[in-house]
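I open this notebook to record what I looked up in one structure.

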Amino acid sequence: MINTISLVRRFTIDFLGHGDMAAADATAHEHIQGVTGLKPQGPIDGREEYKGIVAAFVDAFPAVSPLEIIDQFASADGSRVVTRFQSRQRHAKAFFGVEPTGREILFDETHVARIAHGRIIENVVSATNLEFEMLMAPVLSPMILR
């Protein structure tokens with residue numbers, strides 16, 4: 001049996017935190033679904049789309065300090081892992097058409113990853129990223145509230 005905590009830690013720290021595409025290939029199922037505000041029109045559909053979205057985000061919001069896992073636990077059967085983490089990112093490049101502000105933004109997120117066939121098949125994000133959401137609101141609101 002795979003160590004699902006280690007699998008999700010690598011996905012979170014290396015892929016989400018650093019944009020390491022090899023980590024995505026090693027941890028995410030090719031048909032992964034991601035539910036996140038980084039794609040407001042609907043779920044991320046597949047590993048390649050996930051990689052593109054994370055690459056664009058990490059490029060526009062590089063890490064100011066290492067991503068820190070605050071809490072992490074797995075379901076009894078290991079099929080789900082819940083991870084809460086915080087990271088500080090700087091808005092260095094345009095994202096969703098919003099020009100860079102240079103602001104350092106705290107991201108405080110909880111992810112629920114579902115594991116199947118030794119890979120993450122679903123990642124559902126719940127976040128308290130108020131500053132990011134307010135920064136992106138002029139662009140994202142019309143996409144979401146249409």
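The entries below begin with the model itself and then turn to rings and a helix.

I note that this is a predicted model, in which local features need pLDDT of at least 70 and side-chain atom pairs count only at pLDDT 80 or more, while totals for chains, interfaces and linings use all residues. Residues are numbered from 1 along each chain as its sequence is written, and side-chain values use heavy atoms, leaving out hydrogens and water.

**Aromatic pairs.** I searched the whole structure and found 13 aromatic pairs (ring centres of Phe, Tyr or Trp, its six-membered ring, within 6.5 Å; planes under 30 degrees apart are stacked, over 60 edge-to-face, the rest tilted). The rings of Phe57 and Phe132 lie with centres 6.2 Å apart and planes at 85°, so I record the pair as edge-to-face. Phe57 belongs to helix α3 (residues 47–60) and Phe132 to helix α4 (residues 130–144), 75 residues apart (helices are DSSP runs of H or I, at least four residues, numbered from the N terminus). Both Phe57 and Phe132 are buried (under 20% relative accessible area; exposed is over 50%, partly exposed in between; 1.4 Å probe, protein chains only).

**A second pair.** Phe95 and Phe96 have ring centres 4.8 Å apart and planes at 70°, so this pair is also edge-to-face. Phe95 is buried at 8% relative accessibility, whereas Phe96 is partly exposed at 23%. I find Phe57, Phe61, Phe95, Phe96, Phe107 and Phe132 in one aromatic cluster.

**Helix α1.** In α1, the buried residues include Leu7, Val8, Phe11 and Phe15. Gly19 follows α1 and has a positive phi, near 75°.

Conventions: Helix = DSSP H or I, 4+ residues; strand = E, 2+ residues; numbered from the N terminus.
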